[in-house]
Amino acid sequence: MRKAAILVFDGDYSFLSNFYESEMEIDQGPTKPPVVVKTLEHAYQALKAKTKEECDWVLASLTPGVAKRRGQKVDAWGNWDEMKDDIMLELLRIKFFFNEDLRQRLLATGNARLVEGNTWGDHYWGVCRGKGENMLGMLLMQVRNELLEGTMHSTYRGLDFADSYYTEC
């Protein structure tokens, strides 16, 4: 039997939000120290930045909302739109694989459809007024399935920023 859809990521389901405070450690490869970020949103927005200065500026944001606004102002990579889904998927894998509590909470959603319902007009990552692609919800369900099936693997280069702008962040 299918569980009821989760239509908004707040209250008991706030942990599904990229704004949920859950420190993440992102590996940069064998020769660089890992980067610790406050939220998935901080990491996602910082990855857009071409320069260390902009990356640091985003990561220093006191809240995920500030990180999002700063990320919208950075000089983003020209192919960002082509990479953003893979980057989000990898960040979600890190968030839920390495945090036992969050992993169990995601698995406890069972087979419920996850929908990032919002009122701020995000039609790509979520659904607003019944319209949207719900890409965040789709990727969360993919990560949940990978955890259930034991098939989680990296399709991106493990977020290896060692040879680029992220070297010193």
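At what angle do helix 5 and helix 6 pack, and how far apart are their axes? In this predicted model, the angle between helix 5 and helix 6 is about 100 degrees, and their axes are 10 Å apart. Angles of 65 to 115 degrees count as roughly perpendicular, which means that helix 5 is roughly perpendicular to helix 6. On the helix 5 side, Arg-103, Leu-106 and Leu-107 make the contact, meeting Leu-140, Val-143, Arg-144, Leu-147 and Leu-148 of helix 6. By class, this contact of helix 5 with helix 6 comprises 6 nonpolar and 2 charged residues, with no polar ones.

**Packing of helix 4**

Helix 4 (residues 80-97) and helix 6 (residues 135-149) have axes that come within 10 Å of each other and cross at roughly 50 degrees, so helix 4 is oblique to helix 6. The crossing of helix 4 past helix 6 is right-handed. From helix 4, the residues Asp-85, Met-88, Leu-89, Leu-92, Arg-93, Phe-96 and Phe-97 take part, and they meet Met-135, Leu-136, Leu-139, Leu-140, Gln-142, Val-143, Glu-146 and Leu-147 of helix 6. The residues of this contact between helix 4 and helix 6 divide into 11 nonpolar, 1 polar and 3 charged.

Helix 4 also packs with helix 5 (residues 100-107), at an angle of about 105 degrees and with the axes 6 Å apart, which makes helix 4 roughly perpendicular to helix 5. Here Lys-95, Phe-96 and Phe-97 of helix 4 face Leu-102, Arg-103 and Leu-106 of helix 5 in the contact, whose residues comprise 4 nonpolar and 2 charged, with no polar ones.

| Helix pair | Angle | Axes |
|---|---|---|
| Helix 4 and helix 6 | roughly 50 degrees | within 10 Å |
| Helix 4 and helix 5 | about 105 degrees | 6 Å apart |
| Helix 5 and helix 6 | about 100 degrees | 10 Å apart |

**The largest pocket**

The largest pocket holds about 430 Å³ of space. Its lining consists of 23 residues, of which Phe-19, Lys-68, Glu-116, Trp-120 and Asp-122 are the closest to the centre of the pocket. The elements that contribute two or more residues to this lining are helix 1 (40-46) and helix 3 (64-71). Sorted by class, the lining of the largest pocket has 8 nonpolar, 8 polar and 7 charged residues.

Methods:
Residues numbered from 1 in each chain as written. Predicted model: local features only at pLDDT ≥ 70, side-chain atom pairs only at ≥ 80, totals over all residues. Heavy atoms only, no water. Axes fitted to C-alpha atoms, helices over the stretch in contact; angles between N-to-C directions. Helix = DSSP H or I, 4+ residues; strand = E, 2+ residues; numbered from the N terminus. Parallel < 35°, antiparallel > 145°, perpendicular 65-115°, else oblique. Left-handed = near helix turned anticlockwise from the far one by under 90°. Contact = heavy atoms within 4.5 Å. Nonpolar A, V, L, I, M, F, W, Y, C, P; charged D, E, K, R; others polar. 1 Å grid on protein atoms, 1.4 Å probe; cavity = no way out; pocket = protein on both sides within 12 Å on 5 of 7 lines; lining within 4 Å. Points joined across faces, edges and corners; volume = space filled by probe spheres on them.
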